[in-house]
Amino acid sequence: MGYYFVKGGNPMEICNYQTEVSTDGDQLLFSSKLIFLKTDKLWTEHIVLDKNTLKPISRKSERETRTFDIKHTNINKGDYFDIATYPLVLCALPLNTGYKAIIPVIDYDSANKDKIQNVNITDVKSNIYNSELTGEHQVWKVSVNEESTGNLYDYFIDKTSRKIYKITVSSKGNNFMLVDKETDSNPLKNKFDKEATLKMVTKGNSVISGEAFAKDDRSGVDNRKLRIDILNVNKKQFAPKGTKVVLLPYTEYFKEWMELNKKQRKIKGAQPILLSEDAKSCILTTEIYNDKGNFEFTNLMEGEYFVYISFNYTDTFSRREVTGTSDVYINGQYAGTQLNTDIFDYAQTGNANFQKIVTIKSNGEIVKIKLKRW
């Protein structure tokens, strides 16, 4: 999890919080690291629990200011949990709207002589957590206060998997937030290199200049009796001014992401694989700047790029149609029937989706492309 200090609604990452849970016979092993960024400070915890009850057996805790190594005896008689592992208890409880409970915990950092105090679940409500990687999740928002620390917590726990996605903390007038980075949920095998990818789209001198348009061919319209002729066939429909054009650096990471999402779309009910905020920051967008469907991307380095546009358009055309018939007589004798026709104007809406892989071979090159459908 990323550990953030939140000021004025703006989170600033200060630590990484890593946990590992495993089993060894009848024991559950809980290890954690709090790794402070931009310093050498590291806090570690190694806690052994009874696998069936989650009650503590031992705990070794190391910080730069103190170290302790605790062995619990007669754990079946002790009616308490370790304060560092009570979130495991939260996830195992029969949570429901309005649920309340008291969890006794032992906190060796507490200034109170009585190290066993309560963690109080004060409220549980339904909520939604939106992940940048895995989308929307239905969660329980579990509100907790710790008597030994005075801290107030909100745990956002998935209703189905009981995974903790986010924790918000109010502590002595300061606000903190922990967010699961979901490294275990990311199916992408290629590692994203933000520095190298961002360099591709900001540090070069090359340009991709383009034109986007559609052409509707109505020559294949069915030849019914009412249709006589179609006028102004194959008229260009330019992407409207202001339409967004998207450019992705076509790296191995983005190629894999696109291919996996292509497979996801074929699976009923499957969710799309979302990009991280770092990956999103390397995607460029520009706009069609005139009535001729033109756009430009600048500051590009040599390499491959994926360019995409989607737009709606209204295609206008005219058609000569039969409106009736007239009998023709010459000198009072029937000479046949002629068709009466008129020209009618029509408008038809359409949607155009174009994509193209573009290669810039050398820095400073200007590559001209057309995003079109015939």
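Reader: Which strands form a hairpin with 2 residues between them?
Author: Strand 2 and strand 3 form that hairpin, and Gly25 in its turn has a positive phi of about 65 degrees. Please note that this is a predicted model.

Reader: How many bridges pair strand 2 and strand 3, and in which sense?
Author: Strand 2, residues 10-24, pairs with strand 3 over 10 bridges in the antiparallel sense. Within this pairing, Thr19 stands opposite Ser32 of strand 3.

Reader: What about strand 3 and strand 4, how many bridges join them?
Author: Strand 3 and strand 4 (residues 42-50) run antiparallel and are joined by 9 bridges. Leu42 in strand 4 is the bridge partner of Ile35. These two strands also form a hairpin, with 5 residues between the strands, in which Lys38 takes a positive phi near 65 degrees.

Reader: Which residues make up the covered face of strand 3?
Author: The covered face consists of Leu28, Phe30, Ser32, Leu34 and Phe36. The uncovered face holds Gln27, Leu29, Ser31, Lys33 and Ile35.

Reader: Changing topic, which residues of helix 3 are buried?
Author: Tyr253, Phe254, Glu256, Trp257 and Asn261 are buried in helix 3. They cover an arc of only 160 degrees around the axis, so they lie on the same side of helix 3.

Reader: And what do they pack against?
Author: The buried residues of helix 3 pack against helix 2 (194-200), strand 17 (244-249) and helix 4 (277-280).

Reader: What span should helix 3 have, and what is found?
Author: Helix 3 comprises 13 residues, 252-264, and at 1.5 Å a residue it should span 18 Å. Its end C-alpha atoms are 18 Å apart, which agrees with that expectation.

Reader: Why does Asn261 count as buried?
Author: Asn261 counts as buried because its relative accessibility is 8%, and the cut-off for buried is under 20%.

Reader: What does Asn261 touch?
Author: Leaving out residues up to four places away in sequence, Asn261 touches Pro272 and Ile273. A polar atom of the Asn261 side chain lies 2.8 Å from the backbone nitrogen of Ile273.

Reader: Now the largest nonpolar core: which residues touch the most other members?
Author: That core has 34 residues, and those touching the most other members are Tyr86, Leu90, Ile103, Ile121, Val142, Val144 and Tyr155. Another core, of 24 residues, lies apart from it and includes Met200, Val245, Phe297 and Phe311.

Reader: What is Tyr155 in contact with?
Author: Setting aside neighbours within four places in sequence, the contacts of Tyr155 include Tyr86, Pro87, Leu90, Trp140 and Lys141. Val142, Val144, Ile164, Lys166 and Ile167 are also among them.

Note on methods: Residues are numbered from 1 along each chain as its sequence is written. This is a predicted model: local features need pLDDT of at least 70, side-chain atom pairs count only at pLDDT 80 or more; totals for chains, interfaces and linings use all residues. Side-chain values use heavy atoms; hydrogens and water are left out. Helices (H or I, at least four residues) and strands (E, at least two) are DSSP runs, numbered from the N terminus. The expected span of a helix is 1.5 Å times one less than its number of residues. Buried means under 20% relative accessible area, exposed over 50%, partly exposed in between (1.4 Å probe, protein chains only). The arc is that of the directions from the helix axis to the C-beta atoms. Contact means heavy atoms within 4.5 Å. A polar contact is a pair of N or O atoms within 3.5 Å; within protein, one must be able to donate a hydrogen and the other to accept it, and residues adjacent in sequence count only if both atoms are side-chain atoms. A nonpolar core is a set of buried Ala, Val, Leu, Ile, Met, Phe, Trp, Tyr and Cys residues joined through side-chain atoms within 4.5 Å. Two strands pair if DSSP finds at least two bridges between them.
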